[in-house]
Amino acid sequence: MDVRTITEPDLPEWIRALRTGFLASPEVSEEDIAFRRATVDFRRTRGVFDDDRCVGTLRSFTQQLSLPGGASVTAGAVSNVTVSPTHRRRGLLGRMLGEDLREARDRGDVAATLIAAEYPIYGRYGFGPATWVTEWEVDVHRTGLDRRYSGPSCGGRVALVEGDAVRKHGPALHRRLAASRPGVVGRPERWWLQATGQLHHPARTWTRPFYALYLSPGGEPEGLVVYAADDRWDAKRPRNTLTVRDLIAVTPRAERALWHYLLTIDWVGTVRTGYRAPDDLLPDLLPDPRAARVTTHADYLWVRPLDVPRLLAARTYATTGTLVLAVTDPAGPAAGRFLLDAGPDGAHCAPTNREADLTLPVGELGALCLGDGSAVRLAALGRITEERPGAAARAELLLRTARRPWCPDEF
Ligand SMILES: CC(=O)SCCNC(=O)CCNC(=O)[C@H](O)C(C)(C)COP(=O)(O)OP(=O)(O)OC[C@H]1O[C@@H](n2cnc3c(N)ncnc32)[C@H](O)[C@@H]1OP(=O)(O)O
């Protein structure tokens, strides 16, 4: 079985294998090929070939990942991972991913990222769940919000806009979001083109949604929402469901105003929020937070540290302190003992010979590095080891962030 990067003539066969792995119709259209040709980096797109048949796929690309404190680091984002059902459990994923991670380390990527289809797949490769999402379904008539609401009281306003305004203001809003929230991954221009119907993903049907901006009292865009609604009536009463496709807000007043707007649109009986940060303001904005029912709560972005000193030195910390971490990593790149000298304005992290405070597998560091997770819980679960009493509590105080990390994007 040959694991190798693909070339352009391999593309139709590679797409067929990808679609097979994801249980989509294996038919490959010209549109599909053209879309992939424009988006994949052939040097980082791998296939497994059994004679001429492609039976495994994996690709990666460069991504900026935001950290606590607002800095971003370069990560190798892994996607489109499949092994055909005829060839599963023979180590093919391990071979493809092993090659990709080695190259990522050699390139100088600080970490690798992915969104895991199933929880048990990636822990063995050093990934840990670093961000979580919650989705709510809101029963609009139970919220207790005043139905006479006619706009934000802060002096700002919500404006319905066209796709060109989204392309104009969206990227800057997203960059501001990344600077204030860890776990946000960069959005390429293509993302905005797809969201506004300028570029179609061949596997997805696109209908034009509604776009609205929140404008501050001074007229500055501080938030954006993209949403769509179905058309459902029940005994002459409108019972439409509104689904949020994207909502980013860079100030609390924008976040409050956009939710308030969505939850008071006439005819809407239910709002589906999409995957939000678990500490989204939404439920507590409502006079009756129980109107928001959690429909999904799950791990989302997984992080695999590759360069521990650079990863930990690039973020900031809630308090000042030092910590010696002994990181275990059988596959290699992240293993070592590191002294972290951390503070609210920045940090230093370097290999050390000092005795460790905590011993932890690389995947657990991945789970903690963006500010989520609890070192104390992981110690209680036996997944990290305290080498000194109280070390897990100290690590928790340092590593945790006030707002939880959140990755709004699928890739
Ligand atoms: C980032 C993304 O793209 S996520 C999308 C992942 N892809 C999918 O879920 C599509 C459907 N599934 C598949 O294509 C395949 O089953 C894959 C890619 C998940 C796994 O590929 P395989 O080649 O079978 O994995 P491989 O043989 O290298 O497995 C290595 C180990 O992981 C385990 N493993 C792999 N997949 C799973 C799983 N879904 N659940 C539990 N364990 C798993 C194997 O049992 C094996 O364990 P072992 O070393 O103890 O024997």
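Me: Which residue stands opposite A111 in β16?

Reply: In this predicted model, A111 faces P305 of β16. The strand β16 (residues 301–305) runs antiparallel to β5, and 5 bridges join the two.

Me: In which sense do β4 and β5 pair, parallel or antiparallel?

Reply: Strand β4 (residues 72–83) pairs with β5 in the parallel sense over 3 bridges. Within this pairing, G76 is found opposite A112 of β5.

Me: Why is β5 described as largely enclosed by the rest of the structure?

Reply: A residue counts as buried if 20 or more other C-beta atoms lie within 10 Å of its own. In β5, 4 of the 5 residues are buried, so the strand is largely enclosed.

Me: Which residues does the UniProt annotation "active site" cover?

Reply: The unreviewed UniProt entry places this annotation on Y122 and F411. Y122 belongs to the loop between β5 (111–115) and β6 (128–129), whereas F411 lies in the segment after α11 (391–399).

Me: Is Y122 buried or exposed?

Reply: Y122 is buried, because 24 other C-beta atoms lie within 10 Å. Not counting residues up to four places away in sequence, Y122 touches L114, A116, F127 and W302.

Me: How many other C-beta atoms lie within 10 Å of F411?

Reply: The count is 18, so F411 is partly exposed. Leaving aside neighbours within four places in sequence, F411 contacts A77, S79, I115 and V185.

Methods
Residues numbered from 1 in each chain as written. Predicted model: local features only at pLDDT ≥ 70, side-chain atom pairs only at ≥ 80, totals over all residues. UniProt positions renumbered as here; feature names shortened; annotations may be inferred. Buried ≥ 20, exposed ≤ 12 C-beta atoms within 10 Å, placed from the backbone. Contact = placed C-beta atoms within 7 Å. Pairing = 2+ DSSP bridges.
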